[in-house]
Structures are given as structure tokens and as C-alpha cells.
Amino acid sequence: MNDQTKHPIKGEHTVHRCAWLKLSNPLYVKYHDEEWSVPKHDDQQLFELLILEGFQAGLSWECILNKREHFRQAYRHFDPHVVASFNDRDRLRLISDPGIVRNRLKVDASIVNSRIFLDIQKEFGSFDAYIWGFTDGKSIREPYHIRTKSELSDRISKDLKRRGMKFVGSTTIYSYLQAIGVLLAHGEECDWCR
């Protein structure tokens with residue numbers, strides 16, 4: 001696979017992307033082209049996407065992407081140690097911040113989930129070791145259009161809920177696995193699939 005096929009550049013040849021992508025939003029196109037379904041192993045990136053996927057529940061990913069930079073500011077660049085130390089004043093700050101999704105339950109869950117994230121890091125050495133341990137460190141090829149949850153996302157969701165996390169249902173976790181590259185989800189129509 002040459003570099004041009006792996007990362008097509010508009011203008012050099014016709015670019016084919018996943019059919020779900022809204023091409024009119026440059027943030028969405030950039031996310032698809034550079035980040036979505038690329039294997040991630042950095043705990044801070046894994047944490048950011050886990051929190052954002054929780055906020056996305058019931059909304060569109062495009063809505064979350066459009067607010068992502070503001071989320072990064074509000075959540076102190078998604079440092080799990082900082083978020084885990086958020087207090088009632090931080091909680092009220094987040095709930096009243098129009099630049100993010102102001103859902104009290106999701107804000108509360110993000111703080112609780114950050115503490116559990118840190119517990120998982122302690123137990124497994126890293127969140128990366130935990131999440132990739134479900135597939136023995138391997139990505140699974142599963143195009144986006146096949147389903148919205150799986151036996152794998154069911155198992156991970158169940159384990160995270162058992163540990164006390166919220167907004168980590170199977171559909172949310174399936175989307176998360178696509179985002180972090182555990183599931184290689186680009187469709188056959190997409191140049192990034194090849």
C-alpha cells in the first residue's frame with residue numbers, strides 16, 4: 001500500500017470516503033481522514049475519546065466534533081488526573097458552559113468515569129492494556145455498516161458498568177472501539193479501507 005492510497009490527497013486523484021461522512025464539514029472530513037479508526041494507544045487520547053463518546057450518546061458525532069476544542073478547554077485537555085479531581089465548583093462550571101453539551105448526568109458521569117479510568121490504569125498498568133486486552137492487542141476488520149454493537153462491545157460495556165462507569169452502553173462502546181481503531185471500520189467504498 002503506497003502512501004498516496006493510505007492517505008489520499010484531494011486534487012491528486014479522486015478521493016473515496018465512507019458513505020456516512022458529511023463532506024460539507026471540514027472538521028468531520030479531517031476526523032475521518034486522520035483520526036477515525038486509526039489504532040490509538042496513548043491513554044490521554046483514549047480517555048478523551050471515551051469521555052466524548054459518552055457525551056455523544058443520543059446526539060450526533062458531528063455535534064461533538066464541532067464542540068471538541070471547547071471540550072478540551074473545559075476539560076483541561078482531558079488529563080484524567082485533573083478531571084478526577086473536579087469538585088462541585090468545576091461541575092457547576094461545566095453544566096453552565098454553553099460551549100459543551102450541558103447535560104448534568106453526562107457531566108457527572110464524566111467525572112466519575114475519570115476516577116474509574118484511573119483505577120483501571122492502576123489495575124492494568126494502563127487503560128491501553130485494558131481496552132486492547134479484549135482483542136489480544138489486535139485490530140478487528142469490521143466495516144461500519146455491519147452493525148452498531150457486537151459481542152465484544154457488549155462484554156466491554158458490561159465490564160465498565162460493573163466497575164461503575166456510566167454512559168458506556170454497548171452502542172456507545174462499539175462507536176468508541178471504531179474511533180480508537182480496535183475496530184477497523186472504514187467501508188469498502190473508502191480509500192482508507194485499502
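The structure, a predicted model, holds 14 aromatic pairs. One of these pairs joins Tyr75 and Phe86. Ring pairs also link a cluster whose members include Tyr75, Phe86 and Phe117. A separate topic below is the setting of Cys193, in the segment after strand S2 (183–184).

**The Tyr75–Phe86 pair**

- The rings of Tyr75 and Phe86 are tilted, with 6.0 Å centre to centre and 45° between the planes.
- Tyr75 is in the loop between helix H4 (61–74) and helix H5 (80–84), and Phe86 is in the loop between H5 and helix H6 (88–95), so the pair ties together parts that are 11 residues apart in sequence.
- Tyr75 and Phe86 are both buried.

- The cluster linked by ring pairs consists of Phe47, Phe55, Phe71, Tyr75, Phe78, Phe86, Phe117, Phe124, Phe127, Tyr130 and Phe134.
- Phe86 also has a charged neighbour: Arg93 lies over the face of the Phe86 ring, at 5.3 Å from the ring centre.

**Cys193**

- Cys193 has a relative accessible area of 22% and is therefore partly exposed, since buried residues fall under 20%.
- Leaving aside residues up to four places away in sequence, Cys193 touches Arg141, His186, Gly187 and Glu188.
- Cys193 and Cys18 are 175 residues apart along the chain, and their C-alpha atoms are separated by 8.9 Å.

Methods:
Residues numbered from 1 in each chain as written. Predicted model: local features only at pLDDT ≥ 70, side-chain atom pairs only at ≥ 80, totals over all residues. Heavy atoms only, no water. Phe/Tyr/Trp six-rings, centres within 6.5 Å; stacked < 30°, edge-to-face > 60°. Helix = DSSP H or I, 4+ residues; strand = E, 2+ residues; numbered from the N terminus. Buried < 20%, exposed > 50% of the residue type's maximum accessible area, 1.4 Å probe, protein only. Lys NZ or Arg CZ within 6 Å of the ring centre and 35° of its normal. Contact = heavy atoms within 4.5 Å.
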